[in-house]
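The stops below each begin with a selection.

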Amino acid sequence: MMPVDELAQDIRDLSLPWINSDSIATTNLSAEQMNDTANTIIFITESDYIPQYANSRIRRWLTQLELQIFWALEPPVNIVEAELDLIDKLEDLGWNVDPRGSHITDPNTQQLTKTIYLEKLLDTKKEAKK
């Protein structure tokens, strides 16, 4: 399973009331999702894949992902509380989370957006067995 798919599944499994599982996209947003301002959209992409060496061989990968939240124009939750809850739960699942950066308003949709960076170490031997 690709790291973006693993993170998407982790978020789906959290069953947070403000995230519709159909509104989680990896790698590409559909045209429908790009124009959806009624629902909060989660968009996950890879930002880096860094080899971790031991004895001159790649033993693990440090995968870094970018999670963008495109908030519904009228979200049913307190945005800051919802983001903190999501971050806490993802950290409990083993993701290292870097939520730095401010909220930005998307110029096309007027949606408030937040970008969060996550990383996780993947063991090459463990991943090869899956």
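Select Trp18 and Trp71: both are buried (under 20% relative accessible area with a 1.4 Å probe, protein chains only; exposed is over 50%, and partly exposed lies in between). This is a predicted model, in which local features need pLDDT of at least 70 and side-chain atom pairs count only at pLDDT 80 or more, while totals for chains, interfaces and linings use all residues. Residues are numbered from 1 along each chain as its sequence is written, and side-chain values use heavy atoms, with hydrogens and water left out.

Stay on these two side chains and show their rings. A search of the whole structure finds one aromatic pair. Trp18 and Trp71 form that pair, which is stacked, at 4.7 Å centre to centre and with 25 degrees between the planes. Rings of Phe, Tyr and Trp (its six-membered ring) pair if their centres lie within 6.5 Å; planes under 30 degrees apart count as stacked, over 60 as edge-to-face and the rest as tilted. The pair links distant parts of the chain, 53 residues apart: Trp18 is in the loop between helix 1 and strand 1 (24-26), and Trp71 is in the loop between strand 3 and helix 3.

**The whole chain**

Zoom out and colour by secondary structure. The protein has four helices and six strands, taken as DSSP runs (helices H or I, at least four residues; strands E, at least two) and numbered from the N terminus. From the N terminus on, their order is α-β-α-β-β-α-β-β-β-α. The C-alpha trace spans about 50 × 30 × 25 Å along its principal axes. Of the 130 residues, 37% count as buried. Contact here means heavy atoms within 4.5 Å; among contacts between residues at least 6 apart in sequence, 57% join residues at least 24 apart.

**Helix 1 and helix 3**

Select residues 3-14 and 79-92. These are helix 1 and helix 3, which pack at an angle of about 115 degrees with their axes 11 Å apart. The axes are lines fitted to C-alpha atoms over the stretch in contact, and angles run from 0 to 180 degrees between N-to-C directions. Helix 1 passes helix 3 in a right-handed crossing; a crossing is right-handed if the near helix is turned clockwise from the far one by less than a right angle, and left-handed if anticlockwise.

Which residues of helix 1 and helix 3 meet? Show Leu7, Ile11 and Leu14 on helix 1, and Leu86, Lys89 and Leu90 on helix 3. The residues of this contact divide into five nonpolar, no polar and one charged. Here Ala, Val, Leu, Ile, Met, Phe, Trp, Tyr, Cys and Pro count as nonpolar, Asp, Glu, Lys and Arg as charged, and the others, Gly among them, as polar.

Now move to Ser15, in the loop between helix 1 and strand 1. Ser15 has a positive phi of about 50 degrees although it is not a glycine. Ser15 counts as exposed because its relative accessible area is 57%.

**The strands**

Select strand 1 and strand 2 (41-54). Two strands pair if DSSP finds at least two bridges between them. Strand 1 and strand 2 run parallel and are joined by three bridges; Ile24 stands opposite Ile42 in strand 2.

Strand 2 and strand 3 run antiparallel, with 13 bridges, and Ile44 has Leu67 in strand 3 as its bridge partner. The two strands form a hairpin with two residues between them, and Asn55 in the turn has a positive phi of about 55 degrees.

Next select strand 6 (residues 112-123), which runs antiparallel to strand 3 over 11 bridges. Thr63 has Lys120 as its partner in strand 6. Strand 4 (residues 96-98) pairs with strand 6 in the antiparallel sense over three bridges, with Val97 opposite Leu118. Strand 5 (residues 104-105) also pairs with strand 6 in the antiparallel sense, over two bridges; there Thr105 has Leu112 as its partner.

Select Gln110, in the hairpin of strand 5 and strand 6, which has six residues between the strands; Gln110 takes a positive phi near 70 degrees. It is not a glycine.

Last, select Ala38, in the loop between helix 2 (31-34) and strand 2. Is Ala38 buried or exposed? Ala38 counts as exposed because its relative accessibility is 64%.
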